[in-house]
Amino acid sequence: MQAPTTIDGSDEFMPASRPRRVSVLGATGSIGRNTLDVIRHFSAREDFRIVALTGRANVDLLASQAVEFGAEIAVTADEGKYGALKAALAGTGIEAAAGAQALEEAAARSADWVMAGIVGIAGLAPTLAAAQAGATIALANKECLVSAGDLFLAECAASGSAVLPVDSEHNAIFQVLETNQRQAVERIILTASGGPFRDWAMERMAQVTPQIAAAHPNWSMGMKISIDSATMFNKALEMIEARHLFAVEPRQIEVVVHPQSVIHSMVGYADGSVLAQMGSPDMRTAIGFALAWPRRAHVPVERLDFAKLSRLDFETPDEQRFPALRLAREAMDAGGVSGAILNGAKEAALEAFIAGKIGFLDIARAVEETLERLDAGEEPDTLEAVYEADRQARATALELMAA
Ligand code: NDP
Ligand code: MG
């Protein structure tokens, strides 16, 4: 393997005066495992002190990660797993803790860089705790922005914590957005793979199982985000995420289906230029970018071979079969707590689909009806308002699905 070097070609590596303190929230998940893999690779050049690693169900993996990386503390979100985690860490000197409160406290421990890799709204409180403590946030969890948007970013700004987007589309935009040319940004073009049912008829989509829906054609990810890609709710969340991250109007956000997932997203400027970021569909590029930022460093992902690629395709998303994109636009237009409602209803419907209680097409139906039923209200100015909207959306979606 090629030796790690910086992109400017210098082998000159300037070690920090002290090890960088890093925490990984959701360490046992797809993003978390990839993050630890990148840290493992970067460790050849830089000293890291791993502060907190967190997970939920998979305590065996969490414990072995904590031992390998010499973490200060390992936390499972599931209080029922405390005994198992404690036993697995016995004699290692690594602290074990469990539950929501412990998770937030661990996230708030002094750290320079925190990966927000917990899935769903469950990631909001711990990520916010890390941001309030002033850490740089590598943000994979999109629900923080979808549900709490400006409130979350205001907290980050107040504590001076930088937010580095890790979601591949937003990471791509972050890379090609010329910060001194904001006024010349015309549009943000999010690419979407289209998921496994890109060219399936509705009748066939109505029959799919969670296992089929979770098999993403290009990216290897956690189960929930994979199914969200199949419904295109993942892209719907990403539109709202982009709106907050890059302070653009909803009408400036476009989605184009690009089945090869080579272009990870683009920015269109007033002079007609479109800047794209490309790479293999491997999250370690975005994670490595966030970990090395503001420099660039070697990440061992497969390099693009353009001769082998030979073609890149693009098509307009079919909003008949994938209403999620329209629902995202409607939620952005409605404002208030619509993002939290859309996400809460989607999470409830997704769980019902995974449990075999509703069909694939019922997911979008439940979200649409929940958005129609509930009032968008005012922009949330407290976390409690966000959680209340989330609770109401879940309850309403459950009621509608049971009807
Ligand atoms: P996974 O399901 O693979 O992992 C989720 C992580 O969160 C695991 O560590 C899991 O623990 C933990 N977790 C699950 N539920 C809870 C809970 N209630 N409280 C605390 N921790 C919990 O998800 P991904 O890694 O795929 O995704 C993580 C986030 O990153 C999501 O928001 C996703 O949208 C986003 N993202 C992911 C991408 C990817 O490539 N995977 C790409 C872009 C964004 P355990 O497994 O031990 O139960
Ligand atoms: Mg994405």
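In this predicted model, the centres of domain 1 and domain 2, taken over C-alpha atoms, are separated by 25 Å. The contact draws on 21 residues from domain 1 and 29 residues from domain 2. By the domain assignment of the chain, domain 1 covers 20–166, whereas domain 2 is made of 169–281 + 308–402.

The size of an interface is often given as the accessible area lost when the parts come together. Between domain 1 and domain 2 about 2,000 Å² is buried, and carbon and sulfur atoms give 67% of that area. Of the area that domain 1 buries against domain 2, Lys142, Val146 and Pro165 supply 33%, which is more than any other three residues.

Lys142 also takes part in a salt bridge with Glu238, in which the closest N and O atoms are 2.9 Å apart. The count of salt bridges between domain 1 and domain 2 is one, while five residue pairs are in polar contact across the interface, both residues of each pair being at pLDDT 80 or more.

On the side of domain 1 that touches domain 2, the elements giving two or more residues are the following.

| Element | Residue range |
|---|---|
| α5 | 124–132 |
| α6 | 143–159 |
| β7 | 163–165 |

The largest share of this side of domain 1, nine residues, comes from α6. By residue class, the side of domain 1 that touches domain 2 divides into 14 nonpolar, four polar and three charged residues.

Key:
Residues numbered from 1 in each chain as written. Chains lettered and ligands numbered in written order. Predicted model: local features only at pLDDT ≥ 70, side-chain atom pairs only at ≥ 80, totals over all residues. Heavy atoms only, no water. Domains from an automatic or database assignment. Contact = heavy atoms within 4.5 Å. Buried area = accessible area lost by both parts, 1.4 Å probe. Salt bridge = Lys/Arg side-chain N within 4 Å of Asp/Glu carboxyl O. Polar contact = N/O pair within 3.5 Å; in protein donor to acceptor, adjacent residues only side chain to side chain. Helix = DSSP H or I, 4+ residues; strand = E, 2+ residues; numbered from the N terminus. Nonpolar A, V, L, I, M, F, W, Y, C, P; charged D, E, K, R; others polar.
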